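Have a look at the picture first, and then read on.

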Amino acid sequence: MNNKTLGIAFGVLLLIYLILKLVGGNRERSFDPEIITIDTSSVSTVVVHPSGDTSFELVKDGGTWYVQVGDKKFQASATSVKSLLGNLQVVQAERIVSKNPDRFADYSVDDSTGTNIQILGAGGNVMADVIAG
């Protein structure tokens, strides 16, 4: 190929690129991918309501974490709880699969089929409330 042919090919590619940029518009996400944004040091309780299963709580009492299921209370591993809270913070949504509440059950993110996770701070204030599918 000579320089003239390469120049024409480059010009055509540049023109296609510019047209696609103008027509395509801004394709950035139209939603916030961060699901949970909390200060993990102020978390006092994590309540987990699995669908069709027994609910349980992770409760911080005097700097020690406990797992509470009904009337029973067991000491939890502090590193496991810290890891859980850290992992909850880095979970991000990749895309929105449906905005239609009638379809939430299809993805197990409605009240009856999803796992509800509530994160509470001091005094029981809700810091985060999500349904995981």
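**Notes on the fold**

1. Let us begin with the surface. The protein chain has an accessible surface of about 9,700 Å², and carbon and sulfur atoms contribute 54% of that area. Please keep in mind that you are looking at a predicted model.

2. How much of the chain is buried? Of its 133 residues, 20% count as buried, where buried means under 20% relative accessible area.

3. Next, the secondary structure. The protein chain contains two helices and six strands.

4. How are the strands arranged? Six strands form an open sheet with antiparallel pairing, in the order β4-β3-β2-β1-β5-β6. The edges are taken by β4 (72-75) and β6 (126-132); each has a single partner strand, so one side of each is left without a neighbour in the sheet. On average, and with direction ignored, neighbouring strands of this sheet are turned by 20° against each other.

5. Strand β1 covers residues 43-49 and strand β2 covers residues 56-61; the two pair in the antiparallel sense over four bridges. Which residue of β2 does Val-48 stand opposite? The residue to look for is Phe-56.

6. Last, the contacts along the chain. Among contacts in the protein chain with a separation of 6 or more, 45% are between residues 24 or more positions apart.

Key. Residues are numbered from 1 along each chain as its sequence is written. This is a predicted model: local features need pLDDT of at least 70, side-chain atom pairs count only at pLDDT 80 or more; totals for chains, interfaces and linings use all residues. Side-chain values use heavy atoms; hydrogens and water are left out. Two strands pair if DSSP finds at least two bridges between them. Axes are lines fitted to C-alpha atoms, for helices over the stretch in contact, and angles run from 0 to 180 degrees between N-to-C directions. Buried means under 20% relative accessible area, exposed over 50%, partly exposed in between (1.4 Å probe, protein chains only). Contact means heavy atoms within 4.5 Å. Accessible areas come from the Shrake-Rupley method with a 1.4 Å probe; for residues, only the protein chains shown count as cover.
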